[in-house]
Amino acid sequence: MQTQRARPFDVNAVGWLIDRMSVTTTQTCQVKTSVFGVCGDDRAAICQYCGRGFCSRHGVVFNDDQGVRQEVCSRKQCVAKREDLDRHLVYKAAVTVRNDRGACGVDRCGSELGTECVRCKGLFCQEHVRRREEAVFENQVKVPRMATLCRHCWARRPIWLKR
Ligand SMILES: [Zn+2]
Ligand SMILES: [Zn+2]
Ligand SMILES: [Zn+2]
Ligand SMILES: [Zn+2]
């Protein structure tokens, strides 16, 4: 048995600070399969989000668009992160197109762009970006921090705070 930190990952792509919690990764699959316990099959990979080992049936290993290897277990909190990341990249692309035309990143908003969202780096009008208090993890502890966020990035917060 070894204690291992979940691998750090590309904060720019995710646009979110990941809580790099330390879990004890074992050589076997740690995905819960019933109320009584975990799967226990041979480990195929280690989940990049939660740090648990998983077998070939309880997760996916694939390369993303940039060719970066992704290992994600089948726990619903981790699947939600993977799906959110896909949605986020689509959103970011749409915001970039609008910003390139000098428009606020929100679809059909006619206002001029002004302020940058700290997560997606998109530009938004005063109406569509706001300073808000968010919680981030620092050394396993949730701490409040002020951040300027668009509505999309504000709405996806809870997904990334679930472990
Ligand atoms: Zn996981
Ligand atoms: Zn398994
Ligand atoms: Zn944003
Ligand atoms: Zn706007």
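Residues are numbered from 1 along each chain as its sequence is written, while chains are lettered from A and ligands numbered from 1 in the order in which they are written. As the model is predicted, local features are reported only at pLDDT of at least 70 and side-chain atom pairs count only at pLDDT 80 or more, whereas totals for chains, interfaces and linings use all residues.

The protein chain has four helices and twelve strands, where helices (H or I, at least four residues) and strands (E, at least two) are DSSP runs numbered from the N terminus. The pLDDT, which is the predictor's confidence in each residue on a scale from 0 to 100, has a mean of 84 over the protein chain, and 87% of the residues reach 70 or more. Of the contacts in the protein chain between residues at least 6 apart in sequence, 40% join residues at least 24 apart.

Buried residues make up 29% of the 163 residues in the protein chain; a residue is termed buried if 20 or more other C-beta atoms lie within 10 Å of its own, exposed if 12 or fewer, and partly exposed in between, with C-beta atoms placed from the backbone. A nonpolar core is a set of buried Ala, Val, Leu, Ile, Met, Phe, Trp, Tyr and Cys residues joined through C-beta atoms within 7 Å. The largest such core has 14 residues, and those with the most contacts inside it are Cys117, Cys120, Phe124 and Cys150. To this core α2, β10 (123-124) and β12 (141-150) each supply at least two residues. Apart from it lies another core, of eleven residues, among them Val31, Ile46, Val72 and Cys78.

Helix α2 covers residues 76-100, and its end C-alpha atoms are 36 Å apart, in agreement with the 36 Å that its 25 residues should span at 1.5 Å a residue, the expected span being 1.5 Å times one less than the number of residues. Its buried residues are Cys78, Lys81, Leu85, His88, Tyr91 and Val95, and the helix is followed by Gly102, whose phi is positive, near 85°.

Strands are taken to pair if DSSP finds at least two bridges between them. Strand β7 (residues 59-63) runs antiparallel to strand β8 (residues 69-73), to which five bridges join it, and the partner of Phe62 in β8 is Gln70. Five residues lie between the strands of this hairpin, in which Gly67 takes a positive phi near 80°. Strand β11 (residues 129-138) likewise pairs with β12 in the antiparallel sense, over ten bridges, with Pro144 of β12 as the bridge partner of Ala135. The hairpin of β11 and β12 has two residues between the strands, and Asn139 takes a positive phi near 50°.

Arg108 is found in the loop between α2 and β9 (115-116) and is exposed, because 7 other C-beta atoms lie within 10 Å. Lys121, in the loop between β9 and β10, is partly exposed, with 16 other C-beta atoms within 10 Å.

Key:
Contact = placed C-beta atoms within 7 Å.
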